[in-house]
Amino acid sequence: MNKYLSFFRLRFIYGFQYRAAALAGIMTQFTWGALEILMFKAFYNADAKAFPMTFSALVSYVWMQQAFLALFMTWILENEIFDIITNGNIAYELCRPVDVYNMWFTRSMANRLSKALLRSMPILLFAVFLPAPYGLRLPDNGKTFSWFLLTMVLGFLTVIAYCMLLYIINFYTISPMGIRMVSVAVVEFFSGAVIPLPFFPKGIREIFEILPFASMQNVPLRIYSGDISGTGLYRAAGLQIFWVILLIVAGKILMTKALKKVVVQGG
Amino acid sequence: MKLYYKYFLIHLKSIFQHKASFLLTTIGQFLVSFNVFLGVYFMFLRFNKVNNFTYSEVLLCFSIVLIQFSLAECFARGFDTFSSTISNGEFDRIMVRPRNEMLQVLGSKIEFTRIGRILQALIMFIYGIMKSNVTWSYGRIFTVVFMIIGGTVVFTGIFIIYAALCFFTIEGLEFMNIFTDGAREYGKYPVSIYGKIVLQICTFIIPFALVQYYPLLYVLGKSHNEGYIFFPILGCGFIIPCYLFWKFGIRHYKSTGS
């Protein structure tokens, strides 16, 4: 456990080096968030009754989504890991006395966390002080907030476990670009990154909510904004735990299978 | 022009060498923007109109922006990936050749995989035309053609600024994404829905509205101001400051030495 912890620390500090990039990222995300909210505002003005969440819940949803982009977006993949697999450096990884799956898992966690920490604070601070309908609202009570933290961790783990599958698929195919683009696009759509899940029609939404993609950003963001409450909390968190375990087990099995037949050419 | 034609042929031939990879990336491109379309579709399942624009009218707007952006990206891709051209020293080689630098950068990459997106845009465009009850006149047809040309030019201008900034920073700047990917993403709706301030920025600072919102009003018959037909041509003027900025950047260029 200790070695993963120090590995985590290393990667985490490494991620902190890119402060200028973070500043640019903050500006970008802030603008995206603002445009997103203005767009929903136009729809809200067009027909407030058809709006499935309260407007302030939606605003909080968007700001939190932008602030914690680095935790939840599957398109933030590590090119280094893809390179390691395709250029044969995987041999070095295998020499180390650590489990490759766990190592890559901690690595992704550290990278995303450092990115998120750098970027989220300024966005959150700024968003809290925006005028009434456009500002980020604090959750109703401490209980909601602790549920939010818990489900955020679970959602975060789901995202990484899913990304691990994408890395592992790379062992089996030579040209991963196509699969990568498609699977990222699929997640975007089903996880509520394109439009929040409540905006889908009822029947479709109920199916979407069972899928692993809904366990990613959808659950914590909607708990924060107060859109999921009561018994829905237990159901959502339970599903999250189920998917995290399933995805990790699947990843580990696929990884062992892949490593058994991996052939590294010399050179 | 002859030189560019040669570049064009080279890139076309190179695709035929990697058919499978080309096909997969094209499909990927198609799916990625298909997401955006689905987003619009499901929003309009719930809402009938937004700012007096109906579903088919928004689709018309979205498809035109998508065509503009994809065309610009297809041909000006060399500027989009310019930071790597600078950092790996490729630009030094370009500088020593006795040809215009801009032309060489333009020719260095032509991304035909964007056809996936253009195809999708065309389908939406046709659907939008059939459903939105626009009575077509020569004026309106010309407006759409001007919009596509103007938009491609404006997006190309933004790619040029993006590249020219690399002369100073070497790295690409992430916030420029707002004007490229952001404009594509949020250009799906007419600019006016984002409110007055955004509309003003998009009119006077970066002329997105000139190639999207105003001419669209004329095409859809929401406005009878015939001046709007020529707004996209006005928008083309945006390329001039972009070109000057590029020239300015080249004078400041220091090789990375690699």
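1. UniProt positions are given in the numbering used here, with feature names shortened, and annotations may be inferred rather than shown by experiment. According to the unreviewed UniProt entry, the annotation "transmembrane region" covers residues 21-43, 55-77, 116-134, 146-169, 181-200 and 232-251 of chain A.

2. This is a predicted model, in which local features need pLDDT of at least 70, side-chain atom pairs count only at pLDDT 80 or more, and totals for chains, interfaces and linings use all residues. Residues are numbered from 1 along each chain as its sequence is written, and chains are lettered from A and ligands numbered from 1 in the order in which they are written.

3. Chain A has a mean pLDDT (the predictor's confidence in each residue, from 0 to 100) of 87, with 97% of its residues at 70 or more.

4. Chain A holds 12 helices and zero strands; helices (H or I, at least four residues) and strands (E, at least two) are DSSP runs, numbered from the N terminus. Residues 232-251 of chain A are 100% helix, with end C-alpha atoms 28 Å apart. For residues 55-77 of chain A the helix content is 74% and the end C-alpha atoms lie 32 Å apart.

5. The contact takes 28 residues from chain A and 32 residues from chain B, two residues being in contact if their C-beta atoms, placed from the backbone, lie within 7 Å. On the side of chain B that touches chain A, the largest share, 15 residues, comes from H2(B).

6. The C-alpha atoms of chain A fill a box of roughly 65 × 40 × 35 Å along the principal axes.
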